[in-house]
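I am keeping these notes as I go through a structure that is new to me. Each entry records what I looked up and what I found.

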Amino acid sequence: MTATGQVTVDPELCMASGTCLALAPGLFDMGDDGTARPLPGAGAGAGELLTKAMTNCPTGAIRLISPPPT
Amino acid sequence: MSTAPPTTAQVTALNGLPRPRSSAAAWGKLFFAPESARRELTQLGPRFVLDAPFMPTMLWTSSPDDVRAVFQDKSGALSFGTALRRMAPHEIVFGDRIMTWWASDNHTEVRRSVTPAFMGKALQGYRPAMEEVATRMTRELPTGTAIRFHSFARTMAREVIMSVVFGVTEAQRRSQLSDSMDELDRLIGSRGMALRYAAAMMSRGRWLPFPALDRVLDDLDRVTHEEIAARRAAPEADRRDCLAVFLKIQEADERGLMDDEMIAGFQRLLLVAGNDTTAATLAWVVERLVRHPQVLARLEESVDAGDDTYLDAVITETLRLRPTVPFTARMVNRDVVLNDIYLPRGSMVWLYINAIHRSADLYEAPDEFRPERFLGTTPDPYRWLPFGGGINRCLGAHMAQFEIRVLLRTILRELALVPDTSPDETQQAQTVLLLPRRRATVTLGTRMDRTARS
């Protein structure tokens, strides 16, 4: 089953390597300061691309927060 | 057969990997005959081991899985800063403070604080000055006669550094900066430097002091400090250069990471790291373009139409086929298993960029110049790594690509490149950079020539 949730990029950890933008271009965008920002909907039906971006981030700044069960 | 120790996983020791017949010869070739080194060494497979004189045991890899493991390393076992200290004159060129920072725990923190100077909004701010330099200088170029484009590209990149990085406009300071840059060039290419290089290799990374170099670096820092003082005395709100961005970062920085010394260090870093690499890539782009008239025609058309997509693909493809820095390395600080390879403390891992980019397993027709392969796609960071990767990815990568884009676009709008049927220029090593052997010898024409051609 694919997890769905909110994707966050920890601004304190992100060091603008650009890895997530390269691996998952539809999911992340780059802010003016160079740090990555999740695009709206990045966590919807989070699939292979998001997993790839999360596991490959050199500082582990990307997280998927699952919403509490309703 | 004796009883083997039980193993839980398949781990290979470095001595189980292939080696060239002579490590010393291969080591020399990697630096001085990069093309034949690549052809010969890739015959050994994606991984091989070198035991060269005065060097720690080196694992050389062109496997994207190994690249990923190195770039993702969060254990701290692999150090780029230590490898630089060991292999490159960074310590004497950039100063101990910058080097200490590079290998330290707050590397990421400081890096994050200066990153905005090399990204999005700041880059757009640098554009007018870059365009001004390119337009002014391109108009002075001779047409109808062969020129060495690399030397033009160097002068242009240098003007960009003066205007965009240092932002120095006052005449006396600008001439001081220009003199210091000349002197720095001279010293980096001097016999004194070569001697220190050799001594550092033989003493396993101890760099002898270089007082003449220290003096130039002090002069460069003085220019920065004077410029900072002038700006503080008479603030101008619309300054858009790296120094202005650094000063803004300093103002907003409550932790005091960016004092004036650190700013001066970064200016120097940009000067040394950003000038020759950018010029070399510009030269390679032009060398590739004149030998591929169809690519050139498509590029001219797209630039005229105001579309940068194809231009970006041309730059990406050039950086793949002719990376200016052919490898990157990490020092192994403690025993670690990289994928399935056991790396003992004190060994090194080298990512063989020049081989990865030309691997037939990773790219279709890898030796061909085909910018189309990068249209509509972002290069895979473990197969395309002209700027390295992971937490040590070149801080100026975006800025370099932005600058190359702006300069090329401006040149193509002003002039025509004349197609050339002579053989490809080969990669020639100059210090650690790979340059076109004939320094991108090309003939330029006017825009009228372009119309005549089509």
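**Entry 1: strand β9 of chain B**

I began with strand β6 (residues 328–332) of chain B, which is joined to β9(B) by 4 bridges, the two strands running antiparallel. Before going further I note that this is a predicted model. Within this pairing, B:Arg330 stands opposite B:Val349 of β9(B).

I then looked up strand β3 (residues 58–61) of chain B, which runs parallel to β9(B) and is joined to it by 4 bridges. Here B:Thr61 has B:Leu351 of β9(B) as its bridge partner.

Which way do the residues of β9(B) point? I found B:Met348 and B:Trp350 pointing one way from the strand (residues 348–351), and B:Val349 and B:Leu351 pointing the other way. All four are buried.

**Entry 2: the largest nonpolar core**

B:Trp350 came up again when I turned to the largest nonpolar core, which has 142 residues. B:Trp350, B:Phe246, B:Ala283 and B:Val286 are the members that touch the most other members. Helix α14 (residues 260–290) of chain B gives this core its largest share, 17 residues. In soluble globular proteins, nonpolar side chains tend to be buried together.

I listed the contacts of B:Ala283, leaving out residues up to four places away in sequence. They are B:Phe149, B:His150, B:Ala153, B:Leu435, B:Pro436, B:Arg439 and B:Ala440.

**Entry 3: two residues with positive phi**

I followed B:Ala440 from that list. B:Ala440 lies in the loop between β12 (433–436) and β13 of chain B. Its phi is positive, about 55 degrees, although B:Ala440 is not a glycine. Most residues other than glycine have a negative phi.

I also looked at B:Ala365, whose phi is near 40 degrees, again a positive value in a residue other than glycine. B:Ala365 lies in the loop between α17 (353–356) and α18 (397–414) of chain B.

Are these two residues buried or exposed? B:Ala440 has 26 other C-beta atoms within 10 Å and is therefore buried, the cut-off being 20 or more. B:Ala365 has 9 other C-beta atoms within 10 Å, so it is exposed, the limit for that being 12 or fewer.

**Entry 4: two open sheets of chain B**

Between β10(B) and β13 (residues 441–446) of chain B I counted 3 bridges in the antiparallel sense. B:Leu417 has B:Leu444 of β13(B) as its bridge partner.

Another open sheet of 3 strands has the order β1-β8-β7 (chain B), and its pairing is mixed. Its edge strands are β1 (12–13) and β7 (336–338) of chain B. β1(B) pairs in the parallel sense with β8 (residues 341–343) of chain B over 2 bridges, and B:Tyr342 of β8(B) is the bridge partner of B:Ala13.

**Entry 5: helix α2 of chain A**

Which residues of helix α2 (residues 48–56) of chain A are buried? They are A:Leu50, A:Ala53 and A:Asn56. Seen down the axis of α2(A), these buried residues fall within an arc of 145 degrees, so they line one face of the helix. The face turned away from them carries the exposed residues A:Glu48 and A:Thr55.

I checked what covers the buried residues of α2(A): this includes β1 (6–9), α1 (19–23), β2 (28–30) and β4 (62–65) of chain A, together with α3 (64–72) of chain B.

**Entry 6: where the chains meet**

Key: Residues numbered from 1 in each chain as written. Chains lettered and ligands numbered in written order. Predicted model: local features only at pLDDT ≥ 70, side-chain atom pairs only at ≥ 80, totals over all residues. Pairing = 2+ DSSP bridges. Arc of directions from axis to C-beta. Contact = placed C-beta atoms within 7 Å. Core = buried A, V, L, I, M, F, W, Y, C linked by C-beta atoms within 7 Å.
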